[in-house]
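Please look over the sheets, the surface and the charged pairs of this chain. A short report is wanted.

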Amino acid sequence: MTVPRQEAGYRPIHDRILDFGEVEQTLNTSDRKLQASRCMDCGVPFCHWACPLGNRPPEFQDAIYKGKWKEAYEILSLTNDFPEFTGRICPALCEKSCVLSLAIDAPVTIREDEAAVMEIAFREGFVTPHEYRRNGKKVAVIGSGPAGLAAANGLNRRGYEVTVFEKDEYIGGLLRFGIPNFKINKAIIDRRLSVMEAEGVIFRTGTAIDLKKLPEGFDAYCICTGTPQARDLNIPGRKLKGIYLAMEMLSQQNRVLAGQTFPEKERISAKGKKVLVIGGGDTGSDCIGTSIRQGAAMVTQIEIMPKPPVGKNPATPWPQWPVVLKTSSSHEEGCTRRWSLNTLGFIGKDGKVTGAEVEEVTWEPSPDGGRPVMKPTGKKEVIEADMVLLAMGFLKPEHPAYPENVFLAGDAASGASLVVKCIASGRKAAADADAWLSSGK
C-alpha cells in the first residue's frame with residue numbers, strides 16, 4: 001500500500017499512430033520487481049478465484065520480487081498455456097478482484113507483470129520444446145484460435161498425436177486475424193507456434209472441415225471454430241458501398257501487414273474518410289485504432305447502450321464485473337464517442353454510403369427484472385460517414401449433433417467471450433477428451 005501502482009503506459013500518440021507496432025511499453029526490471037512487491041500476503045487472494053484459468057498471481061509476483069524469473073515462468077505455465085497472449089490482451093479479471101483494488105482502487109499490475117515474465121522467459125531460453133511419450137492415439141482439433149491452440153497443447157502434452165486443422169492460410173484464428181498488431185504483434189504468436197511444432201503438434205492450414213463430416217482416422221475431436229458469424233444490421237441502406245463488418249476490415253489489414261496484397265477495388269481503407277463505428281466494445285475500439293492508422297479524416301463511435309459511469313458503478317459492485325467507462329489506447333488517439341443512439345438506416349449517393357440516420361434512445365428497467373427496455377425519444381439526426389464499420393458482436397454458433405468423442409471449446413461452445421476464457425475452455429476440452437479416451441470407451 002506504500003508503493004504506488006505504476007503502469008508501463010503507451011507509446012506517445014504522435015508516434016504510435018504512424019505504425020502498427022505494439023502500443024504498450026514496458027518497465028525496467030527494477031521497477032517491475034517493485035510493482036510485484038505490491039502483492040500483499042492476502043488472507044484470501046481473490047485473484048485466484050477471478051481468473052478463469054486459476055492463475056496464481058501471489059506466487060509468481062513473489063518470485064518476480066525475488067528476481068526468480070524462471071520460477072515465475074514455471075508457476076505461470078502450470079495454469080496458463082500462453083501467458084504471453086493474456087499478458088497483452090486480457091481485461092485482467094484478476095486485477096478487478098485484487099485486494100488492493102478493493103481497498104485503495106490500485107490493484108497490482110498483474111497483467112503487465114505476466115507479460116514481462118514471458119518476455120524474459122523467451123529471451124533467457126526458459127521456454128524450450130519438450131518431448132512427450134506417445135500413447136498411439138490421434139486427436140483432431142478443428143480451429144486454431146486460443147481455444148484450439150490450448151486444446152492442442154494440452155492433448156499433445158498428454159501424449160496424443162494432435163493435428164490442428166485451420167481453414168485460413170495462417171494459424172491463430174482470432175489472435176491472428178481479429179486482433180490488430182498494435183495490441184499483439186504476430187511474431188508473438190509465431191514464436192509460440194514454433195515451440196508447439198517442435199513438440200510434435202501438426203498444423204494444417206487452408207483446410208476447411210465440414211463439421212457434419214469430420215475427418216476419419218482420429219480417436220477424438222475438439223471443435224474450436226469460434227464465432228464466425230458477426231451480428232449484422234438489417235436496416236434500410238445496408239447494401240450501400242462503404243459499409244463493412246468489422247472483421248472484414250481488421251482481418252484484411254492484418255493480412256496486408258503480413259505481406260499480402262489486394263486489388264484496389266477490394267482494399268478496405270479509411271484513408272481520408274469520415275468513419276462511423278457502430279458498436280462500443282473492444283472490436284469497435286480496434287476499428288478506431290486501425291482507421292486512424294490508415295489515415296481516416298475523422299472517426300466517430302456510437303453505442304446503443306447508455307454511457308457507463310466513470311471509475312465506479314454502484315449498480316455493479318464487487319464481485320460483479322464493474323461496468324464502467326473504458327477508454328482504450330485507440331480512443332485516446334482521436335475519436336468522438338456517443339451513447340444511447342440507435343441506427344435507423346443508412347443514406348447514400350450514387351450507391352455509396354454518405355451517412356447514417358440515428359435516433360436517441362433511453363433505457364428503462366424491465367418490469368420482470370430482465371434486460372432493460374429501449375424507448376425511442378424521437379430525436380433523430382444524420383451522422384455523416386463515407387465508411388461504416390459494424391462492430392456489434394457475434395452470434396453464438398449452432399452445431400449438429402456430435403458423437404460422444406467430440407468436444408466443444410471456446411467461443412464455439414459459449415458464444416463470443418474473452419481470450420482467457422477460451423484458453424481455459426480449451427484446457428478443459430483437452431482434459432475431458434483425455435478422460436474419455438482413457439476410459440476405454
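Predicted model: local features only at pLDDT ≥ 70, side-chain atom pairs only at ≥ 80, totals over all residues.

Five strands make an open sheet with parallel pairing, in the order 5-12-6-7-8. Strand 5 (243-245) and strand 8 (336-338) are its edges, and each pairs on one side only. From one strand to the next, the twist averages 20 degrees.

Strand 7 (residues 298-302) and strand 8 run parallel and are joined by three bridges. Glutamine 301 has arginine 337 in strand 8 as its bridge partner. Helix 13 (residues 246-257) packs on this sheet, where it touches strand 5 and strand 12 (387-390). Its direction makes about 75 degrees with that of strand 5. Helix 14 (residues 282-294) also packs on the sheet, touching strand 6 (274-278), strand 7 and strand 12. The direction of helix 14 makes about 175 degrees with that of strand 7.

Three strands form an open sheet in the order 9-10-11, and the pairing is antiparallel. Strand 9 (341-349) and strand 11 (373-384) each have a single partner strand, so one side of each lacks a neighbour in the sheet. The twist averages 20 degrees from one strand to the next.

Eight bridges pair strand 9 with strand 10 (residues 352-364) in the antiparallel sense. Phenylalanine 346 has its bridge partner, alanine 356, in strand 10.

## A nonpolar patch

Trp49, Leu102 and Trp318 make a nonpolar surface patch of about 330 Å². Leucine 102 sits in helix 8 (residues 99-104). Its relative accessible area is 38%, so leucine 102 counts as partly exposed.

## Salt bridges

The salt bridges number 29. One of them joins glutamate 112 to arginine 32, with the closest N and O atoms 3.2 Å apart. Glutamate 112 lies in helix 9 (residues 110-123) and arginine 32 in helix 2 (residues 29-36), 80 residues apart. Both glutamate 112 and arginine 32 are buried.

Lysine 138 and glutamate 161 form another, at 3.9 Å between the closest N and O atoms. This pair links strand 1 (residues 138-142) to strand 2 (residues 161-165). Lysine 138 is partly exposed at 34%, and glutamate 161 is partly exposed at 33%.

Arginine 255 meets glutamate 169 at 2.6 Å, N to O. Arginine 255 is buried at 14% relative accessible area, whereas glutamate 169 is partly exposed at 32%. Elsewhere, a network of salt bridges links Arg16, Arg293, Glu332 and Glu333.

Notes
Residues numbered from 1 in each chain as written. Heavy atoms only, no water. Pairing = 2+ DSSP bridges. Helix = DSSP H or I, 4+ residues; strand = E, 2+ residues; numbered from the N terminus. Axes fitted to C-alpha atoms, helices over the stretch in contact; angles between N-to-C directions. Contact = heavy atoms within 4.5 Å. Patch = residues over 30% accessible without salt bridge, like charges linked within 9 Å, V, L, I, M, F, W, Y side chains within 5 Å. Areas by Shrake-Rupley, 256 points an atom, 1.4 Å probe, with all protein chains shown as cover. Salt bridge = Lys/Arg side-chain N within 4 Å of Asp/Glu carboxyl O. Buried < 20%, exposed > 50% of the residue type's maximum accessible area, 1.4 Å probe, protein only.
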